[in-house]
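User: Please take me through this structure feature by feature, with the general idea before each case.

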Amino acid sequence: MDIFMNWMTDSFAPKVNKIARNPWMDSIQQAILSGMPLILIGSFATILGLIKDYVPTFPDFSLLNTFSLGLFSLFLAYLIPESVMKHKKHTEVSKQAGLAGIAFFLMLIFPKINAASGKITFDMSSLGTAGMIAALVSGLFVGFVMNLFANFKLVKEDSAIPDFVAVWFNTIFPMITILLVGWLFTFQLKINLSSVINAAFSPLTALGQSFWGLLILTFLSFGFLYSFGISTWVLTPIMYAIELPAMAQNHAAFVAGRPAANVFTVEAVALTLIGGGGLTLSLCLMLAFMAKSERLRIIGKASLVPAIFNINEPLVFGAPVAFNPILMIPMWINTLVAPILLWLTMKTNLVPIPHSPFQLWYTPSPIMGWVVTKSVMGLLFVLILFAISWAIYYPFFKVYDRQAVEQDASLAGEE
């Protein structure tokens, strides 16, 4: 175990963090994080929609979702190339890169243009989470071209021309190149690049929506990697590329009168994050109220309020769970058991598959269980899963608490 821990700490974890800090990967991550407020607004609209279900005269706030989460891919089309330019130290052209990203993305999703009326029509689903994969690819392409041309400047830095004018000239050729690519494929060759990209990535999304995709990705993100101090956000670009389009498909199916089929969505996975990644709320309660070690009781009580809202960094790094051979094991077990139960209960229709976007993952889990499934079965699922997580953590907690008491006594004796 010591050899494995040393290898993970000294070799594996630094390499994963290095990949996560790669400018291209980090640009996607930062773009998604920047767009989170719009995602949360869309979730707020879902809550208001629940009120309307019971109060028919309540105003319809669904358009809040349409113009927030419903435009998420369009936002990414701007944010990704802008972030790439900032990572590449070309901040002076970052906004121009973002604007080129919007223009290219709007071409890429194959708009319909009526020359006679002068009207242009976009598929709203492509602007939202359904177009997310296309937005990721187009954003990275625009960032690549803008970065490539950044080293070939028509106007040098020592020129007497004002800086803002120099930016105009230095971004003309890369932006023309980007727009010409979009023009060629969309309007000349009549190729729907968005459909081509989605088709190319369909094996990934299909794998993600499989039992093994759900199990492996959630285990890695919320259990294995997290237990070694690697942020759950590392795999966010991959997981969101699977989860957000899946929710768009679920919602479209629901509107069309068909059952939702995709289990691997943010909303469903959130049901397994009771207290945060690794289902640590039960462990937090044990530390706060059952630990004999005063140190562990203090940590548990200090972490309790964040844990109720599914924020467990204070516990994971304070107890600690991360790099702790005793508490890492039950975290791994829980992040294997939870997705298995989620898949089984939803695929057998014991718990309804979520069909409406709700990204307020910090909502206390029992409330989350009811809101995302719109069923008491979602609430029961959360409560049963909490009980299971308690049973899994308890024996390991007792061992760690006993060890902590001995350590505390040893330190007190030295003083």
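This is a predicted model: local features need pLDDT of at least 70, side-chain atom pairs count only at pLDDT 80 or more; totals for chains, interfaces and linings use all residues.

User: Is Val 321 buried or exposed, and with which residues is Val 321 in contact?

Analyst: A residue is called buried under 20% relative accessible area, exposed over 50% and partly exposed in between, using a 1.4 Å probe and protein chains only. Val 321, in the loop between helix 16 (313-318) and helix 17 (325-347), counts as buried because its relative accessibility is 0%. A contact means heavy atoms within 4.5 Å; leaving aside neighbours within four places in sequence, Val 321 is in contact with Ser 227, Leu 283, Leu 315, Val 316, Leu 327, Met 328 and Met 331. Gly 278 is 43 residues from Val 321 along the chain, and their C-alpha atoms are separated by 9.7 Å.

User: What is the phi of Leu 279, and where is Leu 279 found?

Analyst: Phi of Leu 279 is near 50°, a positive value in a residue other than glycine, and Leu 279 is found in the loop between helix 13 (266-270) and helix 14 (281-289). With a relative accessible area of 2%, Leu 279 is buried. Phe 110, which is not a glycine either, has a positive phi of about 60°; Phe 110 is found in the loop between helix 6 and strand 1 (112-114) and, at 28% relative accessibility, counts as partly exposed.

User: How many aromatic pairs are there, and which residues do ring pairs link into a cluster?

Analyst: A pair of aromatic rings is described by the distance of the centres and the angle of the planes. Rings of Phe, Tyr and Trp (its six-membered ring) pair if their centres lie within 6.5 Å, and planes under 30 degrees apart count as stacked, over 60 as edge-to-face and the rest as tilted. By this rule the count comes to 13 aromatic pairs. One of them joins Phe 58 and Phe 61, whose ring centres are 5.7 Å apart and whose planes stand at 50°, so the pair is tilted; Phe 58 is partly exposed at 22% relative accessible area, as is Phe 61 at 30%. For Phe 224 and Phe 228 the centres are 5.5 Å apart and the planes at 65°, so that pair is edge-to-face, and both residues are buried. Ring pairs link Phe 219, Phe 224, Phe 228, Phe 323 and Trp 332 into a cluster.

User: At what angle do helix 6 and helix 8 pack, and which residues make the contact?

Analyst: Two packed helices are described by the angle between their axes and the distance between the axes. Axes are lines fitted to C-alpha atoms, for helices over the stretch in contact, and angles run from 0 to 180 degrees between N-to-C directions. Helix 6 (residues 94-108) and helix 8 (residues 132-149) pack at about 135°, with their axes 9 Å apart. Angles under 35 degrees count as roughly parallel, over 145 as roughly antiparallel, 65 to 115 as roughly perpendicular and the rest as oblique, and helix 6 and helix 8 are therefore oblique to each other. The contact is made by residues including Gln 96, Ala 100 and Phe 104 of helix 6 and Ser 138, Phe 141 and Met 146 of helix 8.

User: Where does Thr 171 lie, and with which residues is Thr 171 in contact?

Analyst: Thr 171 lies in helix 9 (residues 163-188) and, at 4% relative accessibility, counts as buried. Leaving aside neighbours within four places in sequence, Thr 171 is in contact with Val 93, Gln 96 and Met 146.

Notes: Residues are numbered from 1 along each chain as its sequence is written. Side-chain values use heavy atoms; hydrogens and water are left out. Helices (H or I, at least four residues) and strands (E, at least two) are DSSP runs, numbered from the N terminus.
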